[in-house]
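Biologist: Before we discuss this model, could you set each label against the rule that assigns it?

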Amino acid sequence: MEMLRRNFFRLLMVLFAGCGLIASPANALVEININKGNVEPLPIAVTDFLQGELGQKISDVVAADLKRSGLFAPIGKGAFIEKIANPDAPPRFEDWKVINAQALVTGRVTQEGDGRLKAEFRLWDTFAGQQMLGQQFYTQPENWRRVAHIIADAIYERITGEKGYFDTRIVYVAESGPKNARKRQLAIMDQDGANARALTNNNNLVLTPRFSPNRQEITYMSFENEQPRVYLLQLETGQREVVGNFPGMTFAPRFSPDGQRVIMSLQQEGNANIYTMDLRSRTTTRLTNTAAIDTSPSYSPDGSRIVFESDRGGKQQLYVMGADGSGQTRISFGDGSYSTPVWSPRGDLIAFTKQSGGKFSIGVMKTDGSGERILTTGFHNEGPTWAPNGRVLMFFRQNAGAGGPQLYSIDLTGYNEQLIQTQGFASDPAWSPLME
């Protein structure tokens, strides 16, 4: 990737003056308590940013991000009474209260003399009649969508008190061709499906891509020369390398929270165990030693524990152990089998795939196995991945009779399920950390 990707993150942010700027969400009249369960979406008006078509595109992406979260209900522009002519001036709050817009977003987009784009917005509490937030950003015009996602994140955080997740990307396996000759390649896109591009060619089967915590590396498995190997791919340079040449097959690689190790499953003599590899010294450490299949390891956010799946009890179940392999304990006890566990970035939950009664479900449980909740069930759902704020999951679904899998997202309430538009079939999604 070009240097622009790195330099983009040096955005200049300026907080506008206003008494609402230093108030915490707990003190604001407009807020959403996302811990209440099924939350009623907050009516919000997102006006077209002045000036021109690009301003409208940015505001449309902001509104789409907020709506897709399930926490906001953007009001149709046809209901607007006031036409914002000066986003720096307080709006006519009565005109917005009458259409029940509890929050209002106004903004402006201008071109600087040096060619940079300047995007600014204000968030208003219409019923309190005050500004809650104001920011401005400078960047290159081609990064306008990224600015829109950053603005949506700022609004989300100001009203909910939680970090947003819109300025993120998804790496996934893009699938094409007939079912009996399916081609698969790594691809990456924005979390809303925009800006998709291929990372590998489709000459070899690829599986289980995962982001590094530093966001510049991806680990994945590829069947090159009919031999499964774990690879590291540098996003900026496109350079890749084999993690290690092991005598058996390697599966389900994933980074440690500090990005210094890769944990994976190695198959030898008919069984599979879990190993870690130090990426600096390339030394491996074996963590499990059974005659079963142990795979799909995932670290807790602090790196102290690991969840994994194992059939050592006769069918796939979830187990938790210390980062050194100690204290291996089963945590799943429901009907059916459990697989693809992923520890929440908040540390409080583990997401999983559950197969029972001929159907596949995506669910979550507490880290001791209690409080199991199924979020969605279908013909074939699999492979959950967490948004960096730990409030939303993405997974892939194959519907009965469908030509191929598609990506979906769902929040922890289980009510807000969304199809993620991709150019073709898609599977094995992995959510990036927040970009910087």
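Modeller: Two strands pair if DSSP finds at least two bridges between them, and helices (H or I, at least four residues) and strands (E, at least two) are DSSP runs, numbered from the N terminus. This is a predicted model, in which local features need pLDDT of at least 70 and side-chain atom pairs count only at pLDDT 80 or more, while totals for chains, interfaces and linings use all residues. Residues are numbered from 1 along each chain as its sequence is written, and side-chain values use heavy atoms, with hydrogens and water left out.

Biologist: Why are strand E13 (249-255) and strand E16 (284-286) said to stand at the edges?

Modeller: The open sheet has four strands in the order E13-E14-E15-E16, with antiparallel pairing. E13 and E16 each have a single partner strand, so one side of each is left without a neighbour in the sheet. Neighbouring strands of this sheet are turned by 30 degrees against each other on average, direction ignored, where axes are lines fitted to C-alpha atoms, for helices over the stretch in contact, and angles run from 0 to 180 degrees between N-to-C directions.

Biologist: Why is Thr160 called buried?

Modeller: Buried means under 20% relative accessible area, exposed over 50%, and partly exposed in between (1.4 Å probe, protein chains only); because Thr160 has 10% relative accessibility, Thr160 counts as buried. Thr160 is found in helix H4 (residues 144-160).

Biologist: What does the side chain of Thr160 reach at 2.7 Å, and what at 3.0 Å?

Modeller: A polar contact is a pair of N or O atoms within 3.5 Å; within protein, one must be able to donate a hydrogen and the other to accept it, and residues adjacent in sequence count only if both atoms are side-chain atoms. The side chain of Thr160 reaches the backbone oxygen of Tyr156 at 2.7 Å and the backbone nitrogen of Glu162 at 3.0 Å.

Biologist: How does the span of helix H2 (residues 52-68) stand against the expected value?

Modeller: The expected span is 1.5 Å times one less than the number of residues; H2, with 17 residues, reaches 25 Å from its first C-alpha to its last, close to the 24 Å expected.
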